[in-house]
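Subject: Structure handover

Hello,

Here is the structure for you to look over. My notes on what turned up follow below it.

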Amino acid sequence: MKRETHPAAQRRITGRMLSAQLQAESLPLTDASRSEIIAALHQARREIGLTRQQTDLLAFLASWTREDEWHSGGDPISIASNHEIGQQFDVGRTRVKSLLRGLAEAGWLIHRDSPNGHRYRRAHPSGRGTVYAYGLDMSPLSRRYPELKAAAAAAAERRREGHRLHYQVTALARRIYDLTRTGVEMGMAEAEATEIGQQAHAITLQRGEDRDPAQLSPLCDQLTALLEAAEIRISALQAVESDPMGSPECPHYIDTNPDNIITVEKAARSARYAMRKTGSRDEQALPRAASSPLRGFRAGTDFVLGIAPSFRQYVSSYRPREDEIVAAALYASHDLGISRHAWAQASNVLGQYETAVAIAVISARQAEGKIRSPGGYLRAMIDRQLRGDLHLDRTLYGMRG
């Protein structure tokens, strides 16, 4: 069978190139400028699956277009030749063709070939605008700008989550080290304390320098499990400390229930919350904006159901009360894999209804694929609240729209 040949200037259009072109052309052009598009492209590179070389090549090709073509609804055509691309990236002609074909099949550019196969532009005699141009059509970048912008935002959130989890690994490990020292003081064997510390250290060493949430989240889960086991083990020692400044009528003791192991600051916050709920007038309760992570944000029950529709299956009325939302959040936390211990700690530190709102936020973000470890995320909220820098209201303002 005789093999079909193609003229030198005729490009072979693959099915994937044609499909990607039709899909890209079905999208409307945006008003984004070239600089905005290229910035989003670099920020979203990993999220959209482009290599650094592909990203740099798209930016290079875009630099050969006219700025006004991105605003006037025209076609931004790059006239950079394969030779110029090869010189810029120090690659051969075959590699240049392979890169351009890959980007065309991925829907990031479209070949607009001239009759002779060359790339060129004919400017208007007045110098304003272009009469016609042949080359590499970069308009898919404008058409897919909303996708780039969303991917860039996801990448930014991924980086923030990576930084948070990186810090969380350190914070959990330090907490475990502190607990082992406390355990030794309360009668734990040195060998057992050392083993717990070595396990925490081995997990922490896996963190590395790449702050990837997919890698860090399992490490946080492992450290959280180790921390909870250490807390339960130490609480089981039932050690009794003497308080030289205490009163004989009020001996100092340690509660052996792990759900009730809280710091003095946690206990104070819990007491203030209880006073607000019971309406006690014995002591002036702090205003909610000063003591609550909501910081004055009106997170009503309707709002909570709006951001966490999964809560609806656990409430019996259309407009539930706050206590019904708290009960629904408790069920939802179980579905999310959040331990009762973490729930108890959050209730003591954040307050019960505030914890329910936090669980709603976690549920919504996990549904969007932004959270891999709900339990670790809740514990991070607890730690931030204890440090006084948890601004749950900012998150809720962002979700209100």
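Start with E161, which sits in helix 8 (residues 145–185). Bear in mind throughout that this is a predicted model.

Is E161 buried or exposed? E161 counts as buried because its relative accessible area is 7%, under the 20% cut-off. Its side chain has a polar partner: a contact of 2.8 Å joins E161 and R164. Beyond its neighbours within four places in sequence, E161 is in contact with P213 and Y377.

Next, the overall picture. The chain has 401 residues, and 43% of them are buried. There are 18 helices and four strands. Take the contacts between residues at least 6 apart in sequence: 69% of these join residues at least 24 apart. The accessible surface of the chain is about 22200 Å². Carbon and sulfur atoms account for 50% of that surface.

Now the rings. The structure holds five aromatic pairs. One of them is F60 with W64, an edge-to-face pair. Their centres are 6.1 Å apart, with 65 degrees between the planes. F60 is buried, at a relative accessible area of 14%. W64 is partly exposed, at 27%.

Another edge-to-face pair is F297 with Y397. Here the centres are 4.8 Å apart and the planes are at 90 degrees. Where do these two residues lie in the chain? F297 is in the loop between helix 12 (288–291) and helix 13 (301–307). Y397 is in helix 18 (residues 392–400). F297 is buried, with a relative accessible area of 7%. Y397 is partly exposed, with 44%.

Ring pairs also build a cluster, made up of F60, W64 and F89. Separately, R144 lies over the face of W108. The distance from the ring centre is 3.6 Å.

How many of the residues of helix 16 are buried? The count is 13 of 16, so the helix is mostly covered, given that buried means under 20% relative accessible area. G369 follows helix 16 and has a positive phi, near 80 degrees.

Last, R45. This residue lies in helix 3 (residues 45–48). R45 counts as buried because its relative accessibility is 15%, again under the 20% cut-off. Leaving aside neighbours within four places in sequence, R45 is in contact with L50, T51, R52 and T55. Look at A152 as well. R45 and A152 are 107 residues apart along the chain, yet their C-alpha atoms are separated by 8.0 Å.

If you have limited time, begin with two places.

Best wishes

Note on methods. Residues numbered from 1 in each chain as written. Predicted model: local features only at pLDDT ≥ 70, side-chain atom pairs only at ≥ 80, totals over all residues. Heavy atoms only, no water. Phe/Tyr/Trp six-rings, centres within 6.5 Å; stacked < 30°, edge-to-face > 60°. Buried < 20%, exposed > 50% of the residue type's maximum accessible area, 1.4 Å probe, protein only. Lys NZ or Arg CZ within 6 Å of the ring centre and 35° of its normal. Polar contact = N/O pair within 3.5 Å; in protein donor to acceptor, adjacent residues only side chain to side chain. Contact = heavy atoms within 4.5 Å. Areas by Shrake-Rupley, 256 points an atom, 1.4 Å probe, with all protein chains shown as cover.
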